[in-house]
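Subject: Structure handover and findings

Hello,

Here is the structure I promised. Please open it next to this email and follow along.

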Amino acid sequence: MARDYYGILGVSREASDDEIKRAYRKLARQFHPDVNPDPEAQEKFKDINAAYEVLSDDRKRQIVDLGGDPLAPGGGGAGGPGGPGGAGPFVGFQDIMDAFFGGAAGGARGPRPRTRPGADAILRLELDLHETAFGVEAPITVDTAVLCTTCAGAGTAAGTHLATCEACGGRGEVQSVQRTFLGQVVSARPCTVCQGYGTTIPHPCPTCAGDGRVRTRRSLTVKIPAGVEDGMRIRLAQQGEVGPGGGTAGDLYVEIHERPHDVYSRKGDDLHCRVTVPMTAAALGTRLSIKTLDSEETVDVKAGTQPGSTLRLRARGVPHLRGTGRGDLYVHLDVRTPTKLDADQEKMLRDFAKTRGEEVAELTKQGGFFSRMRDAFNGHA
């Protein structure tokens with residue numbers, strides 16, 4: 001049976017902390033061994049100290065108020081099996097784990113706040129290469145939770161207020177004292193009536209139904225800096241979801257997706273493109289007009305340029321996102337060989353080959369390389 005700690009100090013169960021302290025000091029002076037050497041007084045002094053130890057500790061006092069004894073060595077739950085708060089000689093393993101790892105009075109959570117921070121949001125934004133290279137102010141539309149203007153986040157109807165939960169007394173949790181083979185266990189669980197908030201909303205706001213926020217579509221303008229790359233995210237502080245109860249809004253992240261360009265490919269801040277030049281132009285040299293992202297440049301193709309050669313135009317790529325300057329533009333040259341020649345053109349090329357001492361085997365319908373191979377396999381000379 002649990003000891004009557006209130007009775008030992010001679011105070012009521014509603015006594016304040018100051019009343020408990022005054023009662024303890026008065027009895028301690030009366031029964032202190034230095035003042036009263038009577039053996040019974042010494043035992044009384046021990047009980048007084050024990051009672052003050054319990055009632056001056058809010059958690060231990062809660063156990064007493066629930067009918068338990070926090071100083072009992074082997075359990076002293078209220079009323080034993082079947083009594084208030086009792087659960088027989090053994091309870092579930094989860095209750096025991098709760099007692100040691102946060103579910104008991106020793107780790108009481110207290111009421112949850114109704115006002116909590118909002119979640120972040122993310123939005124995909126598709127841009128052209130020119131826009132990512134030089135920046136742009138892009139309009140966006142985002143669907144998020146915003147503050148309810150009817151109740152300003154309170155969640156209550158006009159002229160009403162939150163009410164203290166009668167089931168848990170505003171603590172946000174209910175406790176029960178149970179006896180286990182490990183001793184006395186005080187389990188604390190969120191109140192199912194108020195969902196752990198400690199308060200209820202008797203009259204919810206008709207607009208947000210008590211949540212303090214509503215969903216709506218908003219239009220914003222996001223400034224895209226020059227030089228952003230595909231996959232980068234731009235953070236807009238506190239433009240995300242407003243939290244429950246009108247809590248601080250989270251952030252909005254705009255994720256950049258760059259559309260493929262029909263001419264240029266991008267690698268970092270450098271641009272690449274391919275230009276086809278005729279064989280004769282590559283051999284004799286020529287001048288090309290290249291249209292960049294923001295200008296038109298003239299480049300020289302030197303005589304004797306080989307297929308796969310690359311021309312570099314400095315500072316004609318994408319501006320650097322951090323710092324000054326720009327990347328480069330690389331022009332990759334594809335030398336085009338004619339696929340069909342008339343008789344005069346073919347004669348001219350053969351004459352040209354002879355002047356260079358280049359032997360060119362003539363292919364005819366009756367015999368070519370593969371024809372000669374076939375004849376060799378068939379034994380023809």
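The salt bridges come to a count of 24. Keep in mind that this is a predicted model.

**Salt bridges**

Start with Asp 128 and Arg 259. Their side chains meet in a salt bridge at 2.7 Å, N to O. Asp 128 sits in the loop between β1 (121-127) and α6 (129-134), and Arg 259 in the loop between β9 (252-258) and β10 (265-267), so the pair ties together parts that are 131 residues apart in sequence. Asp 128 is partly exposed, at 37% relative accessibility. Arg 259 is also partly exposed, at 36%.

Two other pairs sit within single helices. Lys 46 and Glu 43 form a salt bridge at 3.8 Å, N to O. Both lie in helix α3 (residues 39-55), three residues apart, about one turn of the helix. Lys 46 has 52% relative accessibility, so it counts as exposed; the cut-off is over 50%. Glu 43 has a relative accessible area of 45% and is partly exposed.

The other pair is Glu 346 and Arg 350, whose side chains meet at 3.3 Å, N to O. They are four residues apart in helix α8, about one turn of the helix. Glu 346 is partly exposed, with a relative accessible area of 34%. Arg 350 is partly exposed too, with 26%.

There is also a network. Salt bridges that share partners join Arg 124, Glu 126, Asp 128 and Arg 259.

Now look at the cysteines. UniProt, in an unreviewed entry, places the feature "binding site" at Cys 148, Cys 151, Cys 205 and Cys 208. These residues are spread over 61 residues of sequence, yet they cluster in space, with a largest C-alpha distance of 9.2 Å. Cys 205 is found in the loop between β6 (199-200) and β7 (213-224). Is Cys 205 buried or exposed? Cys 205 is buried, because its relative accessible area is 1% and the limit is under 20%.

In residues 191-198, the end C-alpha atoms lie 8 Å apart, and the span is 0% helix and 0% strand. For residues 205-212, the end C-alpha atoms lie 8 Å apart, again with 0% helix and 0% strand.

**Backbone angles to check**

Ala 152 is not a glycine, but its phi is positive, about 55 degrees. Ala 152 lies in the loop between β2 (136-147) and β3 (163-164). At 56% relative accessibility, Ala 152 counts as exposed.

Gln 195 is not a glycine either, and its phi is positive at about 60 degrees. Gln 195 is in the loop between β5 (183-190) and β6. Gln 195 is partly exposed, with a relative accessible area of 47%.

**Surface patches**

Which residues form the positive surface patch? They are Lys 21, Arg 25, Lys 26 and Arg 29. Arg 25 lies in helix α2 (residues 17-31). Arg 25 is partly exposed, with a relative accessible area of 49%.

A nonpolar patch on the surface is formed by Met 279, Leu 341, Leu 349 and Phe 352. Together they have about 330 Å² of accessible area. Phe 352 is in helix α8 (residues 343-355). At 48% relative accessibility, Phe 352 counts as partly exposed.

Best wishes

Technical notes: Residues numbered from 1 in each chain as written. Predicted model: local features only at pLDDT ≥ 70, side-chain atom pairs only at ≥ 80, totals over all residues. Heavy atoms only, no water. Patch = residues over 30% accessible without salt bridge, like charges linked within 9 Å, V, L, I, M, F, W, Y side chains within 5 Å. Areas by Shrake-Rupley, 256 points an atom, 1.4 Å probe, with all protein chains shown as cover. Salt bridge = Lys/Arg side-chain N within 4 Å of Asp/Glu carboxyl O. Lys, Arg positive; Asp, Glu negative; His and termini not counted. Charge placed at Lys NZ, Arg CZ, Asp CG, Glu CD. Buried < 20%, exposed > 50% of the residue type's maximum accessible area, 1.4 Å probe, protein only. UniProt positions renumbered as here; feature names shortened; annotations may be inferred.
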